[in-house]
Amino acid sequence: HQALLDKLVKGDKVVTRGGLIGKVTGITDGVLTVELQEKVRVRVLRSHIDGKYDPSNVNSSTAADQKAA
């Protein structure tokens with residue numbers, strides 16, 4: 001998981017542990033700026049990024065359920 005977080009770059013689509021999906025628009029050491037929609041950006045602690053967003057892998061289960069499987 002840490003290796004994935006270290007490789008994130010601007011333009012990557014990510015999902016947070018809270019379930020928000022957005023595009024990385026800025027990166028600092030411990031904080032990512034994630035654009036949720038046009039002109040709506042939030043700052044998220046890097047440690048709270050669950051992973052890259054893959055729409056083909058989305059179903060009714062939660063990310064925690066997918067990790068347990």
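This is a short tour of the structure, one selection at a time.

You are looking at a predicted model, where local features need pLDDT of at least 70 and side-chain atom pairs count only at pLDDT 80 or more, while totals for chains, interfaces and linings use all residues. Residues are numbered from 1 along each chain as its sequence is written, and side-chain values use heavy atoms, with hydrogens and water left out.

**Whole chain.** Start with a cartoon view: there are two helices and five strands, in the order α-β-β-β-β-β-α along the sequence. Helices (H or I, at least four residues) and strands (E, at least two) are DSSP runs, numbered from the N terminus. Of the 69 residues, 25% are buried; buried means under 20% relative accessible area, exposed over 50%, and partly exposed in between (1.4 Å probe, protein chains only).

**The core.** Next, select Leu5, Leu8, Val14, Val24, Leu32, Val34, Val44 and Ile49, the eight residues of the largest nonpolar core. Such a core is a set of buried Ala, Val, Leu, Ile, Met, Phe, Trp, Tyr and Cys residues joined through side-chain atoms within 4.5 Å. In soluble globular proteins, nonpolar side chains tend to be buried together.

Now centre on valine 24. Setting aside neighbours within four places in sequence, valine 24 touches Val9, Lys10, Gly11, Asp12, Val14, Leu32 and Thr33, where contact means heavy atoms within 4.5 Å.

**The salt bridges.** How many salt bridges does a search of the whole structure find? There are two, each a side-chain nitrogen of Lys or Arg within 4 Å of a carboxyl oxygen of Asp or Glu.

Select lysine 52 and aspartate 12 for one of them, with the closest N and O atoms 3.7 Å apart. Lysine 52 sits in strand E5 (residues 49–52) and aspartate 12 in the loop between helix H1 (2–6) and E1, so this pair ties together parts 40 residues apart in sequence. Lysine 52 is partly exposed at 46% relative accessibility, whereas aspartate 12 is buried at 14%.

Then move to arginine 41 and glutamate 35, whose side chains meet at 3.5 Å, N to O. Here arginine 41 is exposed at 54% and glutamate 35 is buried at 17%.

**The surface.** Finally, show Leu20, Leu36 and Val40, which make a nonpolar surface patch of about 210 Å². Patches are made of residues with over 30% relative accessible area and no salt bridge, like charges being joined within 9 Å and nonpolar side chains (Val, Leu, Ile, Met, Phe, Trp, Tyr) within 5 Å. Areas come from the Shrake-Rupley method with a 1.4 Å probe; for residues, only the protein chains shown count as cover. Leucine 20 lies in the loop between strand E1 (13–16) and strand E2 (21–27).
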